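Trainee: I have a structure open and would like to learn how to read it. Can we go through it feature by feature?

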Amino acid sequence: MSQDISRGAAGGSLGRLARRPESGAFLGLVVVYIIFAVLGGKVFLGAPGWSSWLNMAAEVGIIALPVGLLMIAGELDISVGSVLPASSLTVAILSGHYDLPLWIGVAGGLGVGLAVGLVNGLLVTRTTIPSLIITIGTMFAVMGLTLGLTILIAGSTGVFVVPDALTKSVFGAAFGGMFQIGILWWAGFVLIVLALLHVSPWGNWVFAIGGDRDSARNAGIPVARVTIQLYMMSGFAAAFVGVTQVVTFGSAQVAAGSSFIFNSIMCVVIGGVSLTGGAGSVIGILFGTMTFCIVNQGIFYSGLDPNVGSIIIGALLLLAVLSNDKFRAIALSYAAKKK
Amino acid sequence: MEMVHTAPVLELQSVDKSFGPIDVLHGISLKVHAGEVLCLLGDNGAGKSTLIKTLAGVHQPTRGKILMDGAEVSFATPRDAAERGIATVHQFGGTFPLMSIGRSFFVGVEPTKGWGPFRIFDRKKANDIAVKAVRDFGITRIDDGDRLVGGLSGGERQSLAIARAVHFGARVLILDEPTAALGVKQAAHVLRIINEAKRRGLAVIFITHQVMHAMAVGDHFAVLIRGAIAADFRRGEKTREEITDLMAGGETMADLEASIDAQERRHA
Ligand SMILES: Nc1ncnc2c1ncn2[C@@H]1O[C@H](COP(=O)(O)OP(=O)(O)OP(=O)(O)O)[C@@H](O)[C@H]1O
Ligand SMILES: [Mg+2]
C-alpha cells in the first residue's frame with residue numbers, strides 16, 4: 001500500500017509538468033519568442049524590443065488577470081474597453097478641468113471602475129441574461145455617458161491634465177526612458193492574483209463556480225458575492241490602466257480602450273484558460289499575455305506586413321485553443337495510463 | 001441494533017407535488033431508517049427525480065409533511081437539506097471535472113492554514129483527507145489528491161462523491177441512478193460502496209431502473225407509477241419477475257412481449 005502511494009506521488013516530473021494548465025502557453029511563448037528573435041534580430045532582442053512588448057504586456061496584462069479570473073468563473077467582461085477611457089477622463093476632468101488635487105482625480109477614476117464592476121456584477125447575478133450581453137450593454141452605456149458628459153463639461157472629446165511629480169513617478173515613470181513603471185505594477189498584480197486564485201480558499205470558489213454554479217451554491221459558496229467581487233476587480237483593473245495612461249500622457253481621449261476588449265480575452269485564451277470556465281491558471285495568463293505582446297510588437301521589428309501579424313495572432317489563438325484542449329486531455333487521462 | 005423501535009431518519013407523509021396545474025406526485029408516504037437501503041423503482045417519468053428533489057430541498061411539497069427523526073422539517077433550499085445531513089449524488093458523481101480530487105472534495109469548506117487575511121488553502125491536508133476518505137471506502141486505486149476528478153472512471157467518481165458525503169456527516173444519502181451509465185464491473189463497485197455506506201449507518205435512497213442492482217443492495221423497495229406508490233415491500237417479499245412486472249406499470253412481461261409481437265406482425 002505504501003508503495004501504491006509513492007508511485008502516485010512521484011508520477012514522473014515531466015508528466016506532472018505536462019498536466020499543468022500553463023504548459024501549452026509556455027511552449028507557445030518559447031516558440032513565438034524564438035521565431036521573432038530570428039526575424040527581429042538584435043533590436044528585438046535588446047532593450048528596445050523588450051521594453052516595447054513589456055510595456056504593452058503590462059497594460060493589457062493588468063486587465064487580462066481579472067478578465068481571466070472571470071472566464072475561469074464562466075463569465076465575460078466586455079465593458080473593460082469603455083471603463084478604461086471613462087477612468088482616464090474622470091481623472092482628467094476632475095484634476096485637469098476642475099483643477100482638484102490629483103489624488104481626488106485618481107480616486108474618482110478608480111471609483112468609476114469599481115462602480116461599473118458593481119453594476120455588472122449585480123446585473124449578472126440578479127438576472128439570467130448572459131454576461132456577454134450584459135457587459136456589452138454596460139460598455140455602450142459607459143461609452144455614451146463618457147462621451148456625453150465629457151463634451152458637456154469640457155466641450156471637447158479630449159481633456160488635458162498636468163500630473164504632479166509624485167503621481168507621475170508612481171503611475172507614469174519610465175526606467176531608462178523605455179521601461180514603464182506599469183511593468184512593476186503588473187508584476188505586483190500578478191503576485192496578488194496568483195495568491196488569490198491558487199493559494200487562498202477564495203480561489204477554490206472561483207474554480208468551483210466556473211465548474212458548476214449550482215453545485216457551488218449548494219456547497220455553500222457565496223456565488224453572487226464572488227461574482228460581484230470579480231467584476232469589481234476587472235472594473236478596477238481597467239480603471240487602473242486608464243489612470244496610468246492619463247498620468248503618462250497628460251491627456252485623455254474618449255476613443256481609447258476598445259482594443260483592450262479582444263486583446264485581454266486573447267491573452268487569457270492563449271494562456272490556457274478554459275473557454276467554458278472551470279480551469280486556468282495565473283501563470284498561464286501571464287505567459288499568454290507575453291506571447292500575445294511578443295507577436296504584436298515583434299511584427300514591427302521583423303519588418304513583416306502588419307496584416308501578417310493579424311494572421312499570426314489568429315492562427316496562434318486557434319492553435320492555443322487546440323493545444324490547451326490537448327493538454328487538458330493529457331491531464332485528465334493520466335490516471336488511465338498509470339494503471 | 002433493532003431498527004424498528006427508532007424513528008425513521010427520514011419520512012414522508014402523504015406528500016403531493018404539483019407544478020401549477022400538473023400533478024406529479026400523489027399521496028407519497030415513505031420511511032427510511034438508519035442503516036437501511038430504500039430502493040425507489042419506476043419507469044421514465046414516474047416522478048422519481050421529482051420525489052428526490054423534494055427531499056433535497058430543490059422543490060417544496062405542495063401538501064403533506066417531511067419528517068426527520070420524527071420531527072417535521074421544511075427545506076427552503078438545497079442548502080437547508082444539506083445542513084440537516086441530506087446529501088444528493090447525481091448520475092455523474094463529481095460535478096467539477098476539472099478540479100483536483102482534494103480541491104473538489106473540500107469545495108466550500110476548504111481547510112486553511114495561516115492566520116487572518118493570510119489564511120491559505122491547505123492543499124496537502126485537503127489531498128490527504130480526501131484520498132484517505134475514498135481509500136477507506138475500498139477505492140485503493142486513488143492515491144494522488146492532485147489528480148483531476150474528470151480523469152476518474154464513472155464508478156470512482158460516484159465513490160468519491162459518496163465518500164465525500166459520508167465524510168461531511170451525511171445521514172441520508174440520495175443516489176439518483178448512480179449505476180445507469182456504468183458497465184457491470186463499475187456498477188458492482190458502486191453497489192459495494194452503497195453497502196459500505198449502509199454498514200456505516202447511513203440511510204440510503206437508491207434510485208434505479210435496474211431491478212438486479214436494486215435487489216443486490218435493497219432492504220426496502222417502493223415502486224412509483226405515475227406519481228403514486230404502487231407497491232411497497234421488503235427484501236425477499238417479491239421475486240425479480242414480480243418487481244419487473246410492477247415497474248412496467250402492472251402489465252406483466254408476458255403482456256409486453258405479446259404487444260411487441262403484435263406490433264412486429266403489423267409492420268411485417
Ligand atoms: N418543473 C416541472 N414542471 C412541470 N412538470 C414537471 C416538472 N418536473 C417534472 N415534471 C413532470 O413530472 C413527471 C415526472 O418527472 P421525473 O423527472 O420526476 O420522472 P423520473 O421518474 O425521474 O423519470 P426518469 O426515469 O426519466 O428520470 C414528468 O411527466 C415530468 O414532465
Ligand atoms: Mg429522473
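Mentor: Start with surface. Chain A has an accessible surface of about 14500 Å², and 73% of it belongs to carbon and sulfur atoms. Such areas come from the Shrake-Rupley method with a 1.4 Å probe; for residues, only the protein chains shown count as cover. Chain B exposes about 12600 Å², with 53% supplied by carbon and sulfur atoms.

Trainee: What should I know about the model and its numbering?

Mentor: The model is predicted: local features need pLDDT of at least 70, side-chain atom pairs count only at pLDDT 80 or more, and totals for chains, interfaces and linings use all residues. Residues are numbered from 1 along each chain as its sequence is written, chains are lettered from A and ligands numbered from 1 in the order in which they are written, and side-chain values use heavy atoms, with hydrogens and water left out.

Trainee: How many helices and strands are in chain B?

Mentor: Helices (H or I, at least four residues) and strands (E, at least two) are DSSP runs, numbered from the N terminus. Chain B has nine helices and twelve strands. Its radius of gyration is 20 Å, close to the 18 Å that the globule rule gives for 268 residues, so chain B is as compact as a globular protein of that length. That radius is taken over C-alpha atoms, and the rule is 2.2 Å times the number of residues to the power 0.38. The C-alpha atoms of chain B fill a box of roughly 70 × 45 × 40 Å along the principal axes.

Trainee: And the secondary structure of chain A?

Mentor: Chain A comes to 15 helices and four strands. A compact globule of 339 residues would have a radius of gyration near 20 Å; chain A has 21 Å, which agrees. Its C-alpha trace spans about 75 × 55 × 35 Å along the principal axes.

Trainee: How do I read contacts along the sequence?

Mentor: A contact means heavy atoms within 4.5 Å. Take the contacts with a separation of 6 or more. In chain A, residues 24 or more positions apart account for 76% of them. In chain B, the corresponding share is 65%.

Trainee: Where is B:Ala214, and what does it touch?

Mentor: B:Ala214 is in helix H7 (residues 211-217) of chain B. It counts as buried because its relative accessibility is 1%. Not counting residues up to four places away in sequence, B:Ala214 touches B:Cys39, B:Leu41, B:Phe206, B:Thr208 and B:Phe221. B:Leu38 is 176 residues apart from B:Ala214 along the chain, yet their C-alpha atoms are separated by 8.8 Å.

Trainee: Is B:Ser159 buried or exposed?

Mentor: Buried, because its relative accessibility is 1%. B:Ser159 lies in helix H5 (residues 154-167) of chain B. Leaving aside neighbours within four places in sequence, B:Ser159 is in contact with B:Val134, B:Ile139, B:His189 and B:Ile193. B:Ser159 and B:Ile193 are 34 residues apart in sequence and 6.5 Å apart in space, C-alpha to C-alpha.

Trainee: What about backbone angles?

Mentor: B:Ser14 has phi near 45°, a positive value in a residue other than glycine. B:Ser14 is found in strand S1 (residues 10-19) of chain B, and is partly exposed at 45% relative accessible area. B:Asp69 is not a glycine but has a positive phi of about 50°. B:Asp69 is in the loop between strand S4 (63-68) and strand S5 (71-73) of chain B. With a relative accessible area of 40%, B:Asp69 is partly exposed.

Trainee: How is the size of an interface given?

Mentor: Often as the accessible area lost when the parts come together. Here the area is summed over both parts, with a 1.4 Å probe. Chain A and chain B bury about 2400 Å² between them, 57% of it on carbon and sulfur atoms. In chain A, A:Pro201, A:Asn204 and A:Leu332 lose the most area to chain B, together 23% of what that side buries. The contact takes 34 residues from chain A and 26 from chain B.

Key. Buried area is the accessible area (1.4 Å probe) that two parts lose on being put together, summed over both. Buried means under 20% relative accessible area, exposed over 50%, partly exposed in between (1.4 Å probe, protein chains only).
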